[in-house]
Amino acid sequence: MPNVMIRVKENGNLLFYIAKKDQEEEIRTVECDSDSEWGGEIELTDGSRYYIDPMTPRPTFPTTLRFKRL
Amino acid sequence: MSAMSPSDTQALITEVLEIYPEKAKKDRAKHLAVNDPSLEQSKKCITSNRKSLPGVMTIRGCAYAGSKGVVWGPIKDMIHISHGPVGCGQYSRAGRRNYYVGTTGINTFGTMNFTSDFQEKDIVFGGDKKLAKILTEIEQLFPLNKGITVQSECPIGLIGDDIEAVSKKAAKEIGKPVVPVRCEGFRGVSQSLGHHIANDAVRDWILGNRDTDTSFVTTPYDVTIIGDYNIGGDAWSSRTLLEEMGLRVIAQWSGDGTLAEMENTPKAKLNLLHCYRSMNYISRHMEEKYGTPWMEYNFFGPTKIAESLRKIAGFFDATIQANTEKVIQKYQAEYEAVIAKYKPRLQGKRVMLYVGGLRPRHIIGAYEDLGMEVVGTGYEFGHNDDYDRTLKEMGSATLIYDDVTGYEFEEFVKKVKPDLIGSGIKEKYIFQKMGIPFRQMHSWDYSGPYHGYDGFAIFARDMDMTLNNPCWSRIVPPWQQAAA
C-alpha cells in the first residue's frame, strides 16, 4: 500500500511518484477518468498496475493518495 | 585512449570487480554500469541509495552532515547547535564555503560552531538539561538570532533524549522558533536521508509559520531559489540573472538565506529548484500544500543557462520572456569570448566526475560548452531518480558508478585515463599524486562561483588553470624519468 504523490507533468500527463522508492513514472491508463470520478485500476508506463477506489469528485492534483499494488 | 565501446566498458567493469570476493562482487556489480542513453529508467541498469558494503572505502557522509552541513547550516540568522560530542560540529565547521553577508557573531552565525560538547555524564544522565541551559545561554549571548535549531548527533538518538520537549519549552520561553532535527548520523545510508529529515523539519516547524500573516506584499513575479547553497557565491550569480529577467527572488534556500525568507517561501509564484536531491522533498510538499509549481533548472554553462532561463520565462508573461532573450543576448558576447579563449586549450579533453547529488549531471553541459567530454560520472548518494535524469545527459558507453569505492575509482582512472577528474577532497591528493589534474568539485576548489554566466567564466578559467598547469609534467622526478 504505497503512499503515492500524483502531480501533473510538464507534458500534461500525470506523474506517479513513490517517495520511498524514488520512482517517478507516468500514468498510462486510468480506469475511471472523468470530471466527476477518478480512480480504479491504474497502469503505469513501465507496465506495473495499482488500484485505488474510485473517488468522487475528481481530486485536484498534486495530491498524495494511498494505492494498492496489483 | 580512444572512445570506448559498450563492450570495452563492460569488460573494464568486470576486470575491476575481479579482485572482490564473490559476495562483494555481486553487490558492487549492481552499482556499476555502462550508460545507455536510450533507457528511460535507471533501475534497469543501476542500483543506488543502498548501504555501502562493509570493508570498502566509501566517500559518503552521514545524516548529520546532510542536515547540519547542507540544508540547515547555511541559514545565516539562525543558530544551529551541533547537539552531542564536540567533533562533528568542529570538524565540519565552515568547510562548505556557504558565503553570506552579515556580521558573524552579531546577526549572522554561519561560520561559527555551537555545540553542547557532550561528556560522559551527559551520556549517562541524559543531555536535556544541558540543552535547555544552552538554549537560554544562546539567547542571552546572541540576542539577534532569529531562531535556533538542534542538530542531533548520534548519541542523542542512542540515549533517547527528548529534544522535542526541550525545544518546545524553550521556544515558548524565548519566543523564537526552536527546531529539533532528528538527524542522528546513523540514520540512513548516506547524507541523503539527512537532507530528507531536514526538509521534513522545515516543513513541520518553519514553513507554515506565516500562513496567516498577510503583511508580506507579493508580486506576480516572485520566485525562490531552492537548493542553492551559495558555495563561493553561486546563489548570488544566479540571482542576478533572475533579477535581470524582471523576477523578484524572495528567498534563497539556503545559501545566504534567512529564517524570514523561508517562512515567506509559500508566497512565491514559482519555486526554482537547483539541487534536486536535497530539496525536492520540500518543493513537492509546497506544490501539494500551497499549489506552488516547481521546476528544476541548471545554471552551469551557457547552453544550459539559456535553456533554463527560457524554461523559467515560460511560467511568466511576454514581458519576462522578452527580457529573458535580452538577458541572454546581453551576456552572449561575454560567454562567447570565454569559449573562444578556453575552448582551443580544452577541446577534446576527457573528464571523470564523482560528486554528490546534483553536479554529476548538472556540470556536464558546462564541460561540453568548452569542448570537453565527460567519460564517467557517478553519485555519492544519488537515488534512482537522479540516475534517471543522468542517463540522457551522458554519452553512450560512458561509465556510471554509484557510491564508488576508493579502489574502483582508482582502477577506473588508471584504465580510462581521463585528462581531468572532478571529485571531492578525499580523492584529491590520491589523484594529484598519480599525476592527474584534479578539481575539487564540492567547494569549487576554494574558487567559485560557477553558477550563471559570471560563474562560467570562472569555471572555464579554473579548468584551464588546472589542466594546462605545467606542474603535471614535473610529477616524475628527473632521476626516475631517465630510467623509464
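This is a predicted model: local features need pLDDT of at least 70, side-chain atom pairs count only at pLDDT 80 or more; totals for chains, interfaces and linings use all residues.
For the complex, the predictor gives an ipTM of 0.90 together with a pTM of 0.94. Chain B has a mean pLDDT of 94, with 99% of its residues reaching 70 or more.

The contact between the chains draws on 12 residues from chain A and 15 residues from chain B. About 1,200 Å² of area is buried between chain B and chain A, and carbon and sulfur atoms give 36% of that area. On the side of chain B, the residues that lose the most area to chain A are B:Arg284, B:Glu287 and B:Glu288, which together account for 45% of what that side buries. Across the interface, seven residue pairs are found in polar contact, both residues of each pair being at pLDDT 80 or more. The elements of chain B that give two or more residues to the side touching chain A are helix H12 (276-290) and helix H17 (384-391), and the largest share, six residues, comes from H12(B). By residue class, the side of chain B that touches chain A divides into eight charged, five polar and two nonpolar residues.

Salt bridges are found both across the interface and within chain B. The structure holds 42 salt bridges over all chains, and six salt bridges are found across the interface of chain B and chain A. In one of these, A:Glu10 pairs with B:Lys311, the closest N and O atoms being 3.8 Å apart. This pair crosses from the loop between strand E1 (3-8) and strand E2 (14-18) of chain A, where A:Glu10 lies, to helix H13 (residues 302-313) of chain B, which holds B:Lys311. A:Glu10 counts as exposed because its relative accessible area of 69% is over 50%, whereas B:Lys311, at 35% relative accessibility, counts as partly exposed.

A further salt bridge between the chains joins A:Asp22 to B:Arg277, again with the closest N and O atoms 3.8 Å apart. Here the pair runs from the loop between E2 and E3 of chain A, the location of A:Asp22, to helix H12 of chain B, the location of B:Arg277. Both A:Asp22 and B:Arg277 are buried. These two residues also belong to a network of salt bridges that links A:Asp22, B:Arg277, B:Arg361, B:Asp385 and B:Asp386.

The residue A:Gln23 is placed in strand E3 (residues 23-33) of chain A. With a relative accessible area of 9%, A:Gln23 is buried, because this value is under 20%. Leaving out residues up to four places away in sequence, A:Gln23 touches A:Phe16, A:Tyr17, A:Ile18, A:Asp46 and A:Tyr50, as well as B:Lys43 of the partner chain.

Within chain B, the side chains of B:Lys289 and B:Asp211 meet in a salt bridge with an N to O distance of 3.7 Å. This pair links distant parts of the chain, 78 residues apart, with B:Lys289 in helix H12 and B:Asp211 in the loop between helix H9 (191-205) and strand E6 (222-228) of chain B. B:Lys289 is partly exposed at 47% relative accessibility, and B:Asp211 is partly exposed at 39%.

Several backbone features were also identified. Most residues other than glycine have a negative phi, and most peptide bonds are trans. In chain A, a cis peptide bond joins A:Phe61 and A:Pro62, with omega about 0 degrees, and A:Pro62 lies in the loop between strand E5 (49-55) and strand E6 (63-66). In chain B, B:Gly448 and B:Pro449 are likewise joined by a cis peptide bond with omega about 0 degrees, and B:Pro449 is found in the loop between strand E14 (438-440) and helix H20 (452-467).

Positive phi values occur at B:Asp256, near 55 degrees, and at B:Ala397, near 70 degrees. B:Asp256 lies in the loop between strand E7 (248-254) and helix H11 (259-264) of chain B and counts as buried at 8% relative accessibility. B:Ala397, in the loop between H17 and strand E12 (399-402) of chain B, counts as buried at 7% relative accessibility. The C-alpha atoms of B:Ala397 and B:Ser5 are separated by 5.7 Å, although the two residues are 392 residues apart along the chain. Apart from neighbours within four places in sequence, the contacts of B:Ala397 are B:Met4, B:Ser5, B:Pro6, B:Thr9, B:Val34 and B:Asn35.

Notes: Residues are numbered from 1 along each chain as its sequence is written. Chains are lettered from A and ligands numbered from 1 in the order in which they are written. Side-chain values use heavy atoms; hydrogens and water are left out. Contact means heavy atoms within 4.5 Å. Buried area is the accessible area (1.4 Å probe) that two parts lose on being put together, summed over both. A salt bridge is a side-chain nitrogen of Lys or Arg within 4 Å of a carboxyl oxygen of Asp or Glu. A polar contact is a pair of N or O atoms within 3.5 Å; within protein, one must be able to donate a hydrogen and the other to accept it, and residues adjacent in sequence count only if both atoms are side-chain atoms. Helices (H or I, at least four residues) and strands (E, at least two) are DSSP runs, numbered from the N terminus. Ala, Val, Leu, Ile, Met, Phe, Trp, Tyr, Cys and Pro count as nonpolar, Asp, Glu, Lys and Arg as charged, and the others, Gly among them, as polar. Buried means under 20% relative accessible area, exposed over 50%, partly exposed in between (1.4 Å probe, protein chains only). pLDDT is the predictor's confidence in each residue, from 0 to 100.
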